[in-house]
Amino acid sequence: MSFRTAACLAAALAAAACGHHPDDAGMVPIFDQVVFGSGNLDTPLGTVYRWERPVRVAARGKRKAGSMAGLERVLAEISGAAPLAIALTPTPQDAAADIIVFFEDGEAYLDYLSRRGARVNESRRAAIAAGYCWSITWTVGHEIDEAALFVGGGGTPAEAAKRLRQCLYHELAHAVGLAYHPSDAFSILNHESVTARFTRIDRVLLALLYSGSVSSGMKRADALRAAAKILPNLPRPKE
Ligand SMILES: [Zn+2]
């Protein structure tokens, strides 16, 4: 089992939006960046990592009504766009949960990571103490097998509501396999985009990753070719 981690700066002030809509040719490089890390790593991932089974999500920590409604909405949007069977379990301690979301309970999150064998260094502790959102994903073979998310709190009610949405969309996108950040795309995964929800690009990325023509373990080059072939046939969702 291995894991990878994504530091997320959803709390940071967004600087600027880049609102262009790439055509199909422009989507494949974004897919390459977000799924394989081609824009961020010297050596991008060589294969597809995604879920290959229904995903059960448990919520722990401060389960406020607004937080839970927000979580359910994001899961429904992922289900609709991917398509991937992903749904909330009513039991916070559900032993069969695949993804656990820790709302505003950094200690419980760090404790969980420690018990699962993930490295918890001082910079991560400090980021979580400061309320930054975070996620970590475990894989077995080429399948995503488990994920744990931290959603911070704080700020004014309006700020907290926006940050909650940004964190849930951003971290859950990571948890289902959109692992990296695009450098120049209007996406919830772009730290420079002022958006607090999925954009058309995010929905297209989910549709490509969970297309029947793509599977976990597929080689990067084959997946990029498949993505280029699928794109013209995807439904055109509104922005
Ligand atoms: Zn991130």
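This report describes the helices, their packing and some local backbone features of a predicted protein model.

Because the model is predicted, local features need pLDDT of at least 70 and side-chain atom pairs count only at pLDDT 80 or more, while totals for chains, interfaces and linings use all residues. Residues are numbered from 1 along each chain as its sequence is written.

**Overall make-up**

The protein has 7 helices and 6 strands. Helices (H or I, at least four residues) and strands (E, at least two) are DSSP runs, numbered from the N terminus. Along the sequence, their order is β-α-β-α-β-β-α-α-β-β-α-α-α. The protein has 239 residues, of which 41% count as buried. A residue is buried if 20 or more other C-beta atoms lie within 10 Å of its own, exposed if 12 or fewer, and partly exposed in between, with C-beta atoms placed from the backbone. Among the contacts with a separation of 6 or more, 71% join residues 24 or more positions apart. Two residues are in contact if their C-beta atoms, placed from the backbone, lie within 7 Å.

**Packing of helix pairs**

Two packed helices are described by the angle between their axes and the distance between the axes. Axes are lines fitted to C-alpha atoms, for helices over the stretch in contact, and angles run from 0 to 180 degrees between N-to-C directions.

| Helix pair | Angle | Axis distance |
|---|---|---|
| Helix 1 (residues 24-36) and helix 6 (residues 200-209) | about 75° | 10 Å |
| Helix 2 and helix 5 (residues 157-175) | about 35° | 10 Å |
| Helix 3 (residues 106-115) and helix 4 (residues 122-129) | about 150° | 10 Å |

Angles under 35 degrees count as roughly parallel, over 145 as roughly antiparallel, 65 to 115 as roughly perpendicular and the rest as oblique.

Helix 1 and helix 6 pack at an angle of about 75°, which makes helix 1 roughly perpendicular to helix 6. On helix 1, the contact is made by Met 27, Ile 30, Phe 31, Val 34 and Val 35, and on helix 6 by Ile 201, Val 204, Leu 205, Leu 208 and Leu 209. This contact of helix 1 with helix 6 has 10 nonpolar, no polar and no charged residues. Here Ala, Val, Leu, Ile, Met, Phe, Trp, Tyr, Cys and Pro count as nonpolar, Asp, Glu, Lys and Arg as charged, and the others, Gly among them, as polar.

Helix 2 passes helix 5 in a right-handed crossing. Helix 2 supplies Gly 66, Ser 67, Gly 70, Leu 71, Val 74 and Ile 78 to the contact, and helix 5 supplies Ala 161, Leu 164, Arg 165, Leu 168, Tyr 169 and Leu 172. The residues of this contact divide into 8 nonpolar, 3 polar and 1 charged. A crossing is left-handed if the near helix is turned anticlockwise from the far one by less than a right angle, and right-handed if clockwise.

Helix 3 and helix 4 are roughly antiparallel to each other. Their contact is made by Gly 106, Tyr 109 and Leu 110 of helix 3 and by Arg 125, Ile 128 and Ala 129 of helix 4.

**Buried and exposed faces**

In helix 4, the buried residues are Arg 124, Ala 127 and Ile 128. They cover an arc of only 95° around the axis, so they lie on the same side of helix 4. The arc is that of the directions from the helix axis to the C-beta atoms. The face of helix 4 turned away from the buried side carries the exposed residues Glu 122, Ser 123, Ala 126 and Ala 129.

Helix 7 (residues 220-230) has the buried residues Ala 223, Leu 224 and Ala 227. Seen down the axis of helix 7, these fall within an arc of 100°, so they line one face of the helix. They pack against helix 1 and helix 6. Exposed Ala 221 and Lys 229 are on the face of helix 7 turned away from its buried side.

**Single residues**

Leu 75 is in helix 2. Leu 75 counts as buried because it has 22 C-beta neighbours inside 10 Å. Leaving aside its neighbours within four places in sequence, Leu 75 is in contact with Val 57, Ile 86, Ala 87 and Leu 88.

Most residues other than glycine have a negative phi, and most peptide bonds are trans. Glu 104, in the loop between strand 4 (99-103) and helix 3, has a positive phi near 55°. The peptide bond from Ala 82 to Pro 83 is cis, with omega near -10°.
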